[in-house]
Amino acid sequence: MPSKIKPVKKKTAVKRAEWTQPLGHDAWMEGLWSAARSDHLPHALLVQGAAGIGKFTAMKWFAAGLLCDNGPGAPCMSCGACRRLRANTHPDLLLVDARAAGMDALTVAFFAERKGAPSGGFQGVSVGEFLSLRSAEGGYRVVLVREAERMNLNAQNAFLKTLEEPAPGTVLIMETSMPARLLETIQSRVIVVRAAAPDAQVARAILEQQGVETEELDRLVRMAQGSPGRAMELERNSIPAMRDLLIEWASGQRGAIATRMAVMELKGKFTGKTPAAEARDRARCFLDLGLELWRDTGRLGAGLHPDQLAHGDCLNPLLAYSDTDRSQALQIWMQVRQDVGLNIGAETLLDRALLGSSPAPQSKKR
Ligand SMILES: [Zn+2]
């Protein structure tokens, strides 16, 4: 019997499932799907809540529930519409996402119809072009705007026109952690959906779902104040390890130079087009972390309970500083943090902060 030829398995990196059921957002989604079932879905929604709590994932899931052949309701993820969503080929969904386009701002090119006009920057399908087409599948046409605060003024004005004259069957959903950056005329034309930060248990589950592997999930969730997105960022930038080093330095167990060297050697993903820029981003992360810790000591002094603070569990070495030394240290770190924008080496920046605010002598007695 001839042996069967085994198909060659492609080695594919395990990619996080992009269309996953978001945890902690059930209440508002259920309410709105139910409104859609009775044909009362508002045509424009603004999902508002802290950064990193999964608003974008939730918004996509909600849209999937509108487009699903078995909807409106929680999407089945197996019907034809859901399969097209998963393959990112559904013709009735448009994602407006500056980050995915490799841009910082959502410019007018993302929104306006470009009738042959030359356009720099974003070249994809704009909201105007998308909405000028009829629904391909006979249901809703859904536009999702990620991080709506990235819209510049021209973009907001262009989008406002769409909000003012919605085409039938169109649903416009924005997501933001900074609603104050949106024009009042936009805010007054949308229904605000408040998305709350998930509790610590849900945050843990989300991180596990996203494949964050660490034995320190609890510590990470606390440092991120319950925001899973923030927790992932902390993990990417090795912030927990940086904090260990900072605490060792502040308690006098590790010298300034040794601390700087250890910080520079930590694994982590830092952004920058050159190694020097990447190193500066690393220094920035460390300085931002230090500033958070110095500020947490101030919050503690102002009467907040340690449990309410991201770093409330490790502030003792910093509290050993006298008040004067502590405020001086904060000043130095703030100055150095400002200088990250200058063309100064990361090592120099870190040395200035660490050497300039050496640990209080009494902390060594602890
Ligand atoms: Zn479906």
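Biologist: Which residues of α9 do Ala203, Ile206 and Leu207 in α7 meet?

Modeller: This is a predicted model, where local features need pLDDT of at least 70, side-chain atom pairs count only at pLDDT 80 or more, and totals for chains, interfaces and linings use all residues. Residues are numbered from 1 along each chain as its sequence is written, and side-chain values use heavy atoms, leaving out hydrogens and water. Contact means heavy atoms within 4.5 Å, and helices are DSSP runs (H or I, at least four residues) numbered from the N terminus. On the α9 side, the partners are Pro228, Ala231 and Met232.

Biologist: How is α7 oriented relative to α9?

Modeller: Residues 200-209 form α7 and residues 228-236 form α9, and the two pack at about 55° with axes 9 Å apart. Axes here are lines fitted to C-alpha atoms over the stretch in contact, with angles from 0 to 180 degrees between N-to-C directions. Under 35 degrees counts as roughly parallel, over 145 as roughly antiparallel, 65 to 115 as roughly perpendicular and the rest as oblique. So α7 is, relative to α9, oblique.

Biologist: What geometry does the site of the zinc ion have?

Modeller: The SG atoms of Cys68, Cys76, Cys79 and Cys82 coordinate the zinc ion at 2.3 to 2.4 Å. Donors are N, O and S atoms within 2.8 Å of the metal (3.2 Å for Na, K and Ca). Four donors count as tetrahedral if all angles lie between 85 and 135 degrees. Angles among the four donor atoms run from 104 to 119°, and the site is tetrahedral.

Biologist: Where does Met77 lie?

Modeller: Met77 is not a glycine, yet has a positive phi of about 65°. Its place is the loop between α2 and α3.

Notes
Tetrahedral: all angles 85-135°; square planar, octahedral: opposite > 155°, others 65-115°.
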